[in-house]
Amino acid sequence: MTETVDVYWSFRSPYSYLVTPDLVRLREDYDVDVQMRIVYPIAIRDPSLLFTSRNKPMYITMDSRRRAEFLGLPFVLPARPDPIVQDMATLEVAEEQPYIYRLSALGVEAQRRGKGVDYVLEVSALIFGGTDGWDQ
């Protein structure tokens, strides 16, 4: 009997990126139906939860780099372009967001077609793996 797991996943979260290879193994090794539930990043939903000081983003960056190194995954902060348009000096999130809504909609559609895990695996590897111009 196949079990189903819902995974709430964000294109800007380094933790989402870092868990994705494990989701592939879960699906393949244990016959689990992994349902990707794409969510908007905190920067879009409520920036006050994370971007009130530099400490939280700095810790997340440090922790993500450590975890990626442990897992043997490439890791750079997304910047070419970042899925969220945000001034990292002031932490202000721009009103105009040309990437995240399209990325998220494509993720939802990929899940509807049964390819959600495959889509987020490939796209997150481009975003956090250091691929310039991943949006092209």
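Reply: A crossing of two helices is called left-handed if the near helix is turned anticlockwise from the far one by less than a right angle. Please note also that this is a predicted model.

Me: What is the handedness of the crossing of helix 1 and helix 5?

Reply: Helix 1 and helix 5 cross in the left-handed sense. Their axes come within 9 Å and cross at roughly 145°. Two packed helices are described by the angle between their axes and the distance between the axes.

Me: Which residues make this contact, and what is its make-up by class?

Reply: Helix 1 contributes P14, Y17, T20, P21, V24 and R27, while helix 5 contributes V117, D118, V120, L121, S124, A125 and F128. By class, 9 of these residues are nonpolar, 2 are polar and 2 are charged.

Me: Why is Q86 called buried?

Reply: Buried means under 20% relative accessible area. Q86 has a relative accessible area of 12%, and therefore counts as buried. This residue is found in strand 3, residues 86–87.

Me: What makes the pairing of the Q86 and R12 side chains a polar contact?

Reply: A polar contact requires a pair of N or O atoms within 3.5 Å, one able to donate a hydrogen and the other to accept it. The side chains of Q86 and R12 make such a contact at 2.8 Å.

Me: How do you know whether D63 is buried or exposed?

Reply: The relative accessible area of D63 is 18%, so this residue is classed as buried, the limit being under 20%. D63 lies in helix 3, residues 55–71, and its side chain makes a polar contact of 2.6 Å with the side chain of Y15.

Me: Why is E109 called partly exposed?

Reply: Partly exposed covers values between the buried range, under 20%, and the exposed range, over 50%. E109 is at 24% relative accessibility, and so counts as partly exposed. E109 belongs to helix 4.

Me: Which residues is L103 in contact with, leaving aside its neighbours within four places in sequence?

Reply: With those neighbours left aside, L103 is in contact with F11, P83, Y119, V123, I127 and W134.

Notes
Residues are numbered from 1 along each chain as its sequence is written. This is a predicted model: local features need pLDDT of at least 70, side-chain atom pairs count only at pLDDT 80 or more; totals for chains, interfaces and linings use all residues. Side-chain values use heavy atoms; hydrogens and water are left out. Contact means heavy atoms within 4.5 Å. Helices (H or I, at least four residues) and strands (E, at least two) are DSSP runs, numbered from the N terminus. Buried means under 20% relative accessible area, exposed over 50%, partly exposed in between (1.4 Å probe, protein chains only). Axes are lines fitted to C-alpha atoms, for helices over the stretch in contact, and angles run from 0 to 180 degrees between N-to-C directions. Ala, Val, Leu, Ile, Met, Phe, Trp, Tyr, Cys and Pro count as nonpolar, Asp, Glu, Lys and Arg as charged, and the others, Gly among them, as polar.
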